[in-house]
Structures are given as C-alpha cells and as structure tokens.
Amino acid sequence: MSMKFLLGISILALFISCSDLKRPDQIERLQQFEVTLDSLNLTLSEIDSNALVEIIHASKEVNEKVEVLELDTIEYEFAVQLDRFNRMGEDGRWAQKMTKALSEDLLLEKKAVVSLMTDIEQGNGKREKYDEYIQFEEDKLSELRTRITECVERVSNTIVVYDELDGVLKVRINEQIHL
C-alpha cells in the first residue's frame, strides 16, 4: 500500500512540475494579450466622439428641415443623398453606443487577463485548465479586435459621407426653402 501511495505522490509531483514548466510561456502569452488590449484601447480612443456628435446633429437637422419643406416631389439624386445622410446619422448613433460598449468590454477583458495571469503566477485554480482558460481569453480578444475594426471602419465611412454631403445638402435645402 505504501508503494502505491509513493507512486501516486510521484505522479502527482511530476504532473504539477510539468504544468509549472508551461507557466513562463503562459504568462508571456497573457502579457502579449495585455499589450494587444492596450493597443485596441488606443485605437478605440482615437475615434473622435465630438465628430460623431456633430454628425448626429447634422443628420437630425437636415431631416427636420426636409420635413418642414413638405416636398411633393423630389429629385432622385437628392433623395439618394438624403437617404445616405440619414443612414450616416444612424451609423453615428450606432458608433457612439458601440464605442462606449467596446470600451467597457476592453476594461473587463483586461481585468480577466490580469486575474488569470495572477492565478497562473500563484498556482491558483485548476492548473490543468490554464491552457483552456488562455484559449478562451484569446478567443474573446479576437472577437474584440473584430468588433473594434468594424467600428473604426464604420466611423471612417460615416465621416466620408458627412464630408461629402453636409455642405451639398445644406445648399440644396436652402435652395428649396427659397423657391
């Protein structure tokens, strides 16, 4: 019986030491996640929230003026421009909400990565599950990266439409008012 006990203890010690051998690589991977999270946070912070407010306001203002005009007919090109400008305002509202949500998600993910790193450094929790936990966090990080990329691209497209149509629509609406 004592031989089985010693064999069991030996196997357990071997298993623990093997998972300890992975620790430096696991910590390094999580540190890379932190760097990526910081980079994503910087990317997200570069979205100009004042520009989004201006875009949303301009879209609302144009819609209100068009409603006041009560036009019976409208040129196709003008209608397309109004539709694009309206969608631009919707995208601006979406981007405002999304940047706030993504900021919160980045903060939560950073806390999760730091917590997992602390657990691994201290040997807390189920050591045999560390790789699974790291993969889970990596998958969440990948999803965040995709969502932030989509948000940045949508904001960029929104700004392009604003720059293209804001002045044009104001002139066209003023022309309609003075008819």
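**A residue in a loop**

*Solution.* Start with the cut-offs: buried is under 20% relative accessible area, exposed is over 50%, and partly exposed is in between, using a 1.4 Å probe and protein chains only. With a value of 65%, glutamate 70 therefore counts as exposed. Next, find its place: glutamate 70 sits in the loop between α2 and α3. Finally, check its backbone: although glutamate 70 is not a glycine, its phi is positive, at about 45 degrees.

A word on what you are looking at: this is a predicted model, in which local features need pLDDT of at least 70 and side-chain atom pairs count only at pLDDT 80 or more, while totals for chains, interfaces and linings use all residues. Residues are numbered from 1 along each chain as its sequence is written, and side-chain values use heavy atoms, leaving out hydrogens and water.

**The overall plan**

How many helices and strands are there in the protein chain?

*Solution.* First, the rule: helices (H or I, at least four residues) and strands (E, at least two) are DSSP runs, numbered from the N terminus. Counting that way gives 4 helices and 0 strands. Along the sequence, the pattern reads α-α-α-α. Of the 179 residues in the chain, 28% are buried. Now look at contacts, meaning heavy atoms within 4.5 Å. Among those with a separation of 6 or more, 89% join residues 24 or more positions apart.

**The nonpolar cores**

Which residues have the most contacts inside the largest nonpolar core?

*Solution.* A nonpolar core is a set of buried Ala, Val, Leu, Ile, Met, Phe, Trp, Tyr and Cys residues joined through side-chain atoms within 4.5 Å. The largest such core has 23 residues, and Leu30, Leu102, Leu106 and Ile120 have the most contacts within it. Two or more of its residues come from each of α1 (2-45), α3 (76-122) and α4 (130-177). The biggest share is that of α3, with 8 residues. Zoom in on leucine 106: beyond its neighbours within four places in sequence, it contacts Leu37, Leu40, Asn41, Leu44, Leu144 and Ile148. A second, separate core has 13 residues, including Ile55, Phe78, Leu82 and Phe85. As background, nonpolar side chains tend to be buried together in soluble globular proteins.

**How α2 and α4 pack**

At what angle do α2 and α4 pack?

*Solution.* Axes are lines fitted to C-alpha atoms, for helices over the stretch in contact, and angles between N-to-C directions run from 0 to 180 degrees. For helix α2 (residues 49-69) and α4, the angle is about 30 degrees, and the axes are 10 Å apart. Now name the arrangement: under 35 degrees is roughly parallel, over 145 roughly antiparallel, 65 to 115 roughly perpendicular, and the rest oblique. So α2 and α4 are roughly parallel to each other. Their crossing is left-handed, which is the name used if the near helix is turned anticlockwise from the far one by less than a right angle (clockwise is right-handed). The residues of this contact divide into 12 nonpolar, 2 polar and 3 charged. In that sorting, Ala, Val, Leu, Ile, Met, Phe, Trp, Tyr, Cys and Pro are nonpolar, Asp, Glu, Lys and Arg are charged, and the others, Gly among them, are polar.

**Two residues of α4**

Where is aspartate 166 found, and which residues does aspartate 166 touch?

*Solution.* Aspartate 166 belongs to helix α4. With a relative accessible area of 11%, aspartate 166 is buried. Not counting residues up to four places away in sequence, aspartate 166 touches Ala58, Phe85 and Val161. Isoleucine 177 also lies in helix α4; at 45% relative accessibility, isoleucine 177 counts as partly exposed. Isoleucine 177 and lysine 65 are 112 residues apart in sequence, yet their C-alpha atoms are 9.0 Å apart in space.

**The pairs with α3**

At roughly what angle do the axes of α3 and α4 cross?

*Solution.* The axes of α3 and α4 cross at roughly 155 degrees and come within 7 Å. That makes α3 roughly antiparallel to α4. The contact of α3 with α4 has 25 nonpolar, 4 polar and 14 charged residues. Then try α2 and α3: their angle is about 140 degrees, with axes 8 Å apart. The crossing of α2 and α3 is left-handed, and their contact residues divide into 11 nonpolar, 6 polar and 1 charged.
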